[in-house]
Structure formats: C-alpha cells, structure tokens
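User: I want to learn to read a model like this one feature by feature. Can we take it step by step?

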Amino acid sequence: MSLKRDWTSGELRLIGISIIIAVACLTSVNFFTDRVQRATEQQATELLAADLVLISSQKINPDVIKQATDAKLIFSLNESFRSVVLKDDKLELTEVKAVDSNYPIRGHLKISDSLFGKERIINSIPESGTVWVDSRLLQVLQIELGDFINLGASKLIVSKVLTYEPDRGGDLFNIAPRLLMNRNDLDATGLILPGSRIQYRLLLGGNAEAITQYREEIEKNQGDNKNLSIQSIKDARPELKSAIERAEQFLGLAALVSIALAGLAIAMSAQRYATRHYDNCAIMRCLGLQQKQITKIYLYQLLILGLLCSLIGCAFGYIAQEGLNRLLIGMTQTSLPAPSLFPLLSGILAGLITVMAFALPQLIRLRTVSPLRVLRRDITPLPLNNYVIYIIAVLALIFLSPWQSGSIKMTMNTLLGLCITACVLAMTAKLMLRLLKRLQPKLKMSARYGLANVTRRSNQSTVQIIGIGIGITVMILLTLIRTDLLENWKSRLPDNAPNYFLVNIQPNQVNDIRTLLANSLNENIPLYPMIRGRLIKINDEAVNIDNYSNPRAKRLASREFNLSYAEIMQEDNKLTSGSWWTEDSKQSNSNNNYFSVEEGIAETLGINIGDELTYSIAGQEVHGNVTNFRWVEWDSFNVNFFVVSNPEALIPYPSTFISSFYLPDSDRQILIDLVKQFPSITIIDLDAILNQIRTIMQQVIRAVEFVFGFTLLTGLIVLFAALQSTHDERTNEAALMSALGASRKQIISGLVAEFLFLGLITGILSAVAASIIELVLAEFVFKIDIAINPLIWIIAPVACCLIIVITGLSGTRKVLRTPPMIVLRKI
Amino acid sequence: MSQNIIVQAAALGKQVISPEGQLTILKDINLSIKQGESLAVIGVSGSGKSTLLGLLAGLDTATSGKVTLDGTDLSQLDEDGRARIRAQSIGFVFQSFHLLPSLTALENTSLPLELADIDHAEQLAQQKLEEVGLAERIHHYPNQLSGGEQQRVAIARAFSGDPKILFADEPTGNLDQKTAKHIIDLLFKMNKENGATLVVVTHDNEIADRCDRKVIIAGGQLTEA
C-alpha cells in the first residue's frame, strides 16, 4: 500500500534499517561463530594431530577404516603402550608410540639433534630401525644419539631427540618418557600379544563436512564398537577450552544484545510511525474500514517490510562473512566449507520475528484509533498495556537467543540484566528530571528552554534515556569487557608464562633444586608436593563409575588424582565457598584432615562442603572433610591441583614435587645443569603448546573485535531511533521559535542545551549501570579480575553528550535551513 | 517609499514544484499597507492567502519580486536576518495557536521578549497575560488550557514585544463562534491600544468588515475589495 511512500518519507526507514542491521548482525555472527568455531577447532585439532581421533583398546575394526577410506578421509593408525626400554644394565618404563607415515595428520613433529639442542620441524617419522625419544629417556638411560636400545625383541637406534608431538596432551605430568617408532618395526618387537594393554588410535583428517558426517556415522554405530571412543577438541587442553568458551560467551552476549538493541530501535521507530498514522487511520475508519482490515493492512505492510529488509540484512551478513573468511585466512589449514543456507533462513526468520515482536504491538494500536479523531484531533488510541509489550519482546528474545548465546541460563541472565537496567534507569531518570526541574527558573533562556523540553516531556525523555542509556551502557560494557577479556587473556599468557615444568622431584632434592633455581633465575620458584590418590568414598558411599552418567565424572571417578597439600592457598586460586583452614580452625577440630576442592570437579562429582572424602593413597585410606571450594585459573599454566589438603593430612605419604617456571631460550644451559645434577627429574617443555594457544587466542580476539563493531552499530541505531522519536516535535518547535524571531544561533543553543541535559543524565546513569553490570558479569560469567576504570565516569557522560548533540543536531539541521512557513503549514 | 507605508510588496510571485509541474500560487502581487492600518486578506481555500501572509512576514521567500518591511528589503536578508526583523517588529497569531507545549503560558508569552533580549521579559509577559484575562493561569501548560485560552496566550505573546505589525492567520478558525467573537474583540482592542498594523487572513466576513481595508486573492492575483 503506502510502503514505498512511507519509506521515501523516512517513516519506515528507521524500522527497516534496524531490521537490516539486526539481521546482518545475526547472520554474520552465526556465520562467524560457526566459522571461528570450526577454524579454532581446526587449529586446535593440531593438539589432536588430527581432526578426529578414534581410540580403542582393541584393534580398530577394518570396517571403520573402510568407512574412512570411502569418505575420502586421510587416516593414520598408531599404537601406544607402555614397555620397558633397556640400555646395558639400565631400564626405564616408556610410553611407546608406533606410527605410520601419515602421522601426524595435523601439526608437525619437532626434533632436535642434541639434548636440549635447537628444535626444528620435521615432516617425517623415524625410519625403520630407528626411534626418536624424548630428552628424559636420554637423561635417565644416559644414552646418546646413535646408541642402541632394546625394546622387546628388537634392537633399535636412537636417532633423534623428540621435542614435540602435537597430540602429546593429556596429563603432562604423569607420563613415562616417550619413544616414537616406526609402525613397521612393531611386529618384530614381539610386544603385541593377546591381552597386552595397547591403545589403538585411528587419526583422521579431511574437510569439515566429511569429518562431521563420518563422526555421525560412527556415533550411530557406536553400539557395535563399544570400546571405541571419539576424541575431538573438547577433550583437548582445558586452557584452550576455557578461552574459547569465554570468547563464545562474549560473541553470544554481543549478538543477543545487538538483537535486543535492534528490537528497542524498532519499537521506538514503530511508535513514532504509529503516532504519525493516527490521522490516516481515523480517516480510513470514517470511510468504513473495519478494525481487522486496519490490522491486516499494517500486518501485511510489516510482513513485506520485514521480509525485504531481512533479505537485504542477509545479503549484508553474507558479504560480512566473506570479509571474515579473509580475516581468518592463515588460521585454518584446510579450506572451510561453503556457508550453508541455514544461517540465511534463520536470518530471515529472525528478522520477521524481531519486526513482528517489536513493531506489531505498536501498530496494532492503530486499529483502536477512533473515527471521532477526524473531528477531535486530541483523541488518541488507548495505550497498549506496557506489560504486554515487554512480555512479547522478552519472549521473542528468548526464542531468538539460543541460536546466539547457546545457553538458556546466559540468555535469561542477560535479559534479566537488561530489564533491571531499564527499570533502574527509568526510576533514576525520573528522579533526576524532577530534581533538574527545580533548577529551570534559574537558567538563561536557551538552557531553560532546553531543560524545559527535557523535563516537560518527562515520559518521552525517560523512554529516550532508557533507550539511549541501554545503548550506551551496552556500548560501555562491551568496550570494558572486551578490554578486560583481552587484557585478561594477554595477562594469562604473558610472554613470561611458565614454559617448563619440572616433575618427579624427590623430597630430598627439593632444597637443592630450589637453591639452584633461585641462583639461576634470580627468583624463588615454588615447588609443590604431589601425591597420587584415588577417591574411593564420598561420605559413606563408595565412588563407582556406574553412579555417574557424565563422561567427565566417569573419567574422574576411575583414575588417580594428583593431590597436594598447602598451609595457605595458592595466590591465583579464589575461594568460592567455605573457608581455608587456619591454625585456630585446625585446633577446634579433632579430625585434622581437610580438603579444598576445585569447584568444577566438586560439581561434576557431586561433592558438597562438609562431605567426608576418602582417598586411597599407597594402599592406605585417608579421610578428610571438605572445608572449601576453589576457583582455579587453569589457563595460567601455573601448577594447580583439583584437591589440596592441609599439610598434616598428606605429609606422611609418598610424594614427589613439581614446579613450573619461565626460562628464556638463551638460558637453556640451566636445563642441562639440572639434568646433570638431578638425573631423575623430568623437564617438560611447553613452549610449543604455549605458542599454539597464543595463535588461537589472537584469532579469537579478532572475532571478538569484529562482533563488537556490530553491536556498537546497533547501539548507535538505538540512539538515533530514540532521538528520532521526538524529532517531529523538535522540528515544529524550531520552526515556531524561528517564526517568533529566534535566530539560528538561539535555536541551536536551545537544542544543544536540551541534548546536553539528555546526554548528561544518560551518560551518568549509563556509567553507573555499566560499572555495576561489569562487576557482576566479570564475577559470575567471565570469572575474570577487573578494576573499574574511574575514567569512565568522565568519558561516558562526555561521550554521551557529544554523541547525542551531534546526532541530534544533524537530525534538525534540515529544519534550520527550511523557511518556517513550510514547517508550520504541516503542523 | 512613503513615510507611513510599513509593508510593501512589489511584483511578488511564488511558484512551487508539484508532481504536475510548476504551479503558480501568487503572481505579480503589488500591495502597500500603511502604518496603523488594518487589512483583511480574503479568498477561497487554496487561493494563496496564507502564502501571501508568509511572504509578507518573512516566514517564506518569494520566487520573484520583493517585500519591504519597515523599510528593509526582506529578499536581501538571510534566514537569521529575517528572524531578527520578526523578533523586533512582528507578532503572529496562528489558527492552531502554535504554543510551545514544553513551556507554561508565562514562558510562552515571554519567549519573544527573551529572544529579542528585552529586560524584565517576565514582568512584561505577565502584564500582557493579565490584559488578555489569564492572570490566574500563567503557570499552566498549553495542554491544560482550552482552545480559547490558548489563543489568548497566543495573542498575549503576539503583543508582548509591542510589534509594529501583527499577522493573524485565520485566528478564529479553530474556535467556536462565541469564543471566536471574544478573541476577535480582544485582537482588535489590543491592536488599537498598541497602535500596530494588523494583517488578517480570514474567511470570516465579519472579521473582514471590521478591518479598514479588504483585499481579495483569486487565481493567484490580488484585487482590492
């Protein structure tokens, strides 16, 4: 009907632009999250040495391999097992891994040609008859490159020092030294016998779609291969997992907030659109149109608008994701699959839902316009019940958000946060407006006129303050969180993050090693005791894998833990509930054993404060009560433990010590000294893993920044929509002022005063709201340390005033150039 | 120019672009209004009465010809220059009152005084509101006043700066007959007391008859009645 006319006259333009931006944001974030996730996973697949790994305790079923060949996947088979390696009269238990020439499918092996020598990438595997071993085996067996060792029935030459294998992963500190051999030599060792404990691994690589399809097939038939387990990035390093999870949370949050903001902009524009259509509707009603016909007209109009704008938004989203593709070049090793149609369809659907949920309730009011308005223009339709509008909006957001944030809890918290922010902003804004009104008579003409506009239109001003305030709050918030997240990630993995671990330190070596490290590194490096123990009882109930359905819980219940003891809590841990033991608390309790449990594991295993845990340590049972839960910064690369006790509880049991420290490349000699002086300790080099994680972090940071840009854009649209909502009145008043003799300067000063008051109130309120929400999010969602920057108290109001004044004035610029008669005729 | 001519239009024309092409609203209008005179501009709807008023008051610019107002050629001024003339010499009363909704009756009335930077604006405005019989309602906002009251505020505002010329565009168009009569009485009374020139655009013959002179606009051209 009047769609084209309304669009050209600018009435529907803002609604349309809001839909376009919301949909573009949604689709590109969908594409983006999808692609980043895949790219990150692919990058992370290097930590698996493949895109997908199947693990079995029995020989991999040939059908499974055939399926892989049929799916045109690259595959590599390897066997891992523990065996004793002999050199003269010395023997050492080693982790043997026999690999074929396709290994590794992702990532590279790294070797050096001498102990702690220069590391280099190698694109081959040990030749038949040779093995590569890690530095520890060389240290323990006191062998040199070129020496023979005995493995089972075979005699093999040690040809290289293995410094890095991509899929080493797992528990870094409890593994025997590695020996990498050619799979062709395996049979000759005679170690593969029925009943041998061997882990068979099938490494797979290929394009993402083929891998996903293959995985689905395997999962479907997993009943036939019960001993087969599938490993993907989710089982890779927890350091990486938490960073990716946080980035995804941020992306989800940003996208959800973008939609909410776009919705707000649409609602505000629709309200203005509706107000402007009262007369049209009154006339149509007079001419005999029924209420339902009016509803139909606006419904169709919105549907067409929603559909068209959603399509345009999708097109923008598609273009944006192409940009992203370029952004991610270099991040992935194989090409990403072409984008599917699903994000486009979901974009269109989301566009329609957004416009229907936010604009329709406003336009439905038009059906209630009384035909009497033709005679009496002051008759306006009944206002919609605000609760209805809010409920529709919240329902729409809940419906739309699972695509975005991936977690209903996160969605609800975000929406609750937005609602609370809106209510608090509304109440405080009303209060501030009331206080400012008292100031009015004392001001000069322009300022008084400006303030009068803000205070007189109290309801509209409040809506504007809420709209702009939420927009600005979100912008400040995302800026702060983004900065916090980035800083936090950087600080978690600073250049001097620990890159070496020392393990297997005997208690009698602790003092000497501490002194050696202190002398060499000029700092006191902490050494932590480590005791192996299996959790056997929680209170009186035996810990049994069958009691848990969660795979992680099953894994945790079936293996030994590394326990430690400490008088005081590690600095980078945070107490989340309960209290740490003190001398007083110990004395007040006759049972002197206490446990501090990491909150994640406590939740997984269903442990509560006060529970009695029983560990089996070296054949003896140790009981103790859980007194507190801790949050542990796993991505810090510092030594950390799931369970820590008070010293008295675990000192009597056999322990080794562990430490981590940063050592620059130039100081590697210290490692040689350490090995020579303490041959039994093991040094683990983490440089390669650290670098890999840093690369992934960089990509995630880019993703965060990109999406952040979109959210800023929707924030600005809200601001524009909010100012537009009173644009007509402002235009008319400017024309009237001009007719009464006001100069352009006087009109502008009045407007500037109005925008400044609006900006000031909004800025102050936004800064307060953003600071509070930031604290809440940092504490409960992102779990990062933050410090509120006092500068936002200055920057927010100033920025708010500037943005509002500039946007507001640019909207009224035209009216200042138009002869007042033309404007006055329209009123 | 003769000393007592306060508004003069010479060969004034106004054309606008419409979807059908160029449309001439006013053509070759020549008009002189003497100081203190009251003039009614009458004509059918769409004849261009309000357009002429807008051009004479400097609210719009002509396509051809010129308007001289109180000795100043308006075509030589920019929008700010014309606004200055309006602030100094002109008062307006509109059909739909055009009060600023965010300001009280007193603030609306004192606005032109403040815009012209006149001292004691508030006292002067209050005095005018008392003259129009709204002493009790000076702190009311426009939406708290009836149509007649709003037009009285508009009249108080129009006279607040002691203008030399008062332009009234259908001042009773939105009012009932009884209120309209009160308003017209008030307008002429105040005009007389202030010694201002009055230009009224109207359909109402009764109002036109009370004026010293009447002009008719038809087909974009002006004739003396």
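User: Which residue in S4(B) does B:Ala9 stand opposite?

Analyst: B:Ala9 faces B:Val67 in S4(B). Keep in mind that this is a predicted model. Strand S1 (residues 5–18) of chain B and strand S4 (residues 64–69) of chain B run antiparallel, and 5 bridges join them.

User: In what order do the strands of that open sheet in chain B lie?

Analyst: The order is S2-S1-S4-S5 (chain B), 4 strands with antiparallel pairing. Strand S2 (21–34) and strand S5 (72–73) of chain B are the edges. Each has a single partner strand, so one side of each lacks a neighbour in the sheet.

User: What packs on the sheet?

Analyst: Helix H1 (residues 49–56) of chain B does. H1 touches S1, S2 and S4 of chain B. Its direction makes about 125° with that of S1(B).

User: Now backbone angles. What is the general rule for phi and for peptide bonds?

Analyst: Most residues other than glycine have a negative phi, and most peptide bonds are trans. Now the cases that depart from that. B:Ala11 has a positive phi, near 50°, and is not a glycine. B:Ala11 belongs to strand S1 of chain B. B:Ala11 has 12 other C-beta atoms within 10 Å, so it is exposed; the cut-off for exposed is 12 or fewer.

User: Where is A:Gln142 found, and is A:Gln142 buried or exposed?

Analyst: A:Gln142 lies in the loop between helix H4 (135–141) and strand S7 (148–151) of chain A. A:Gln142 counts as exposed because it has 11 C-beta neighbours inside 10 Å. Its phi is positive, about 50°, although A:Gln142 is not a glycine.

User: And which peptide bond is cis?

Analyst: The bond from A:Tyr103 to A:Pro104 is cis, with omega near -15°. A:Pro104 sits in the loop between strand S3 (90–99) and strand S4 (109–112) of chain A.

User: Next, helix packing. What describes two packed helices?

Analyst: Two values: the angle between their axes and the distance between the axes. Take helix H3 (residues 105–115) of chain B and helix H4 (residues 121–131) of chain B. Their axes come within 8 Å and cross at roughly 125°. H3(B) and H4(B) are therefore oblique to each other. The crossing of H3(B) past H4(B) is right-handed.

User: Which residues in H3(B) and H4(B) meet?

Analyst: From H3(B) come B:Ala105, B:Leu106, B:Thr109, B:Ser110, B:Leu113 and B:Glu114. From H4(B) come B:Ala121, B:Glu122, B:Leu124, B:Ala125, B:Gln126, B:Lys128 and B:Leu129. By class, the contact of H3(B) with H4(B) has 7 nonpolar, 3 polar and 3 charged residues.

User: At what angle do H4(B) and helix H5 of chain B pack?

Analyst: H4(B) packs with helix H5 (residues 147–160) of chain B at about 135°, and their axes are 9 Å apart. That makes H4(B) and H5(B) oblique to each other. H4(B) passes H5(B) in a right-handed crossing. H4(B) contributes B:Leu124, B:Ala125, B:Lys128, B:Leu129 and B:Glu131. H5(B) contributes B:Ala156, B:Phe159 and B:Ser160. The contact of H4(B) with H5(B) divides into 5 nonpolar, 1 polar and 2 charged residues.

User: Now chain A. How many helices and strands does chain A have?

Analyst: Chain A has 27 helices and 22 strands. Of its 827 residues, 44% are buried. Then look at contact range. Among contacts in chain A between residues at least 6 apart in sequence, 84% join residues at least 24 apart.

User: Where is A:Arg817 found?

Analyst: A:Arg817 is in helix H26 (residues 792–817) of chain A. A:Arg817 has 8 other C-beta atoms within 10 Å, so it is exposed.

User: Last, the interface. How many residues of chain A are in contact with chain B?

Analyst: 21 residues of chain A are in contact with 22 residues of chain B. On the chain A side, the elements that give two or more residues are helix H15 (445–456), helix H24 (727–739), helix H25 (744–782) and helix H27 (820–826). That side divides into 12 nonpolar, 5 polar and 4 charged residues.

Conventions
Residues are numbered from 1 along each chain as its sequence is written. Chains are lettered from A and ligands numbered from 1 in the order in which they are written. This is a predicted model: local features need pLDDT of at least 70, side-chain atom pairs count only at pLDDT 80 or more; totals for chains, interfaces and linings use all residues. Axes are lines fitted to C-alpha atoms, for helices over the stretch in contact, and angles run from 0 to 180 degrees between N-to-C directions. Angles under 35 degrees count as roughly parallel, over 145 as roughly antiparallel, 65 to 115 as roughly perpendicular and the rest as oblique. A crossing is left-handed if the near helix is turned anticlockwise from the far one by less than a right angle, and right-handed if clockwise. Two residues are in contact if their C-beta atoms, placed from the backbone, lie within 7 Å. Ala, Val, Leu, Ile, Met, Phe, Trp, Tyr, Cys and Pro count as nonpolar, Asp, Glu, Lys and Arg as charged, and the others, Gly among them, as polar. A residue is buried if 20 or more other C-beta atoms lie within 10 Å of its own, exposed if 12 or fewer, and partly exposed in between; C-beta atoms are placed from the backbone. Two strands pair if DSSP finds at least two bridges between them.
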